[in-house]
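Student: Could we go through this one together? I'd like to look at its charged side chains.

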Amino acid sequence: MPGLNWLKGQEPVVALADEEYPPWLWTITKPKVYTEEEMRPGGRGHKKMLRSERRAEIKMRNFMKTQ
């Protein structure tokens, strides 16, 4: 992979085979699944859901102001 090394004279960066990377690396892009306990009011999942809903409302409100 040319162009990824930071220092002059550094060895070229080489990608490894998929099997050589840790298994958790392939789960990073998957959305987090919250348990039923976390989705109850006051739980981490519930707070995240409320926050995303509020952000969506703000974005829609700001968009409607420009129309």
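Student: How many salt bridges does it come to by the rule?

Tutor: The count comes to 2 salt bridges, where a salt bridge is a side-chain nitrogen of Lys or Arg within 4 Å of a carboxyl oxygen of Asp or Glu. Bear in mind that this is a predicted model, in which local features need pLDDT of at least 70 and side-chain atom pairs count only at pLDDT 80 or more, while totals for chains, interfaces and linings use all residues. Residues are numbered from 1 along each chain as its sequence is written, and side-chain values use heavy atoms, with hydrogens and water left out.

Student: Which residue forms a salt bridge with Glu37, and how far apart are the closest N and O atoms?

Tutor: Glu37 pairs with Arg40, with the closest N and O atoms 2.8 Å apart. Salt bridges that share partners join Glu36, Glu37 and Arg40 into one network, and the one between Glu36 and Arg40 is 4.0 Å from N to O.

Student: Is Glu36 buried or exposed?

Tutor: Glu36 counts as exposed because its relative accessibility is 64%; buried means under 20% relative accessible area, exposed over 50% and partly exposed in between, with a 1.4 Å probe and protein chains only. Arg40, at 44%, is partly exposed.

Student: New topic: where is Lys59?

Tutor: Lys59 lies in helix 2, residues 44-65, a helix being a DSSP run of H or I with at least four residues, numbered from the N terminus. Since its relative accessibility is 62%, Lys59 is exposed.

Key:
Helices (H or I, at least four residues) and strands (E, at least two) are DSSP runs, numbered from the N terminus.
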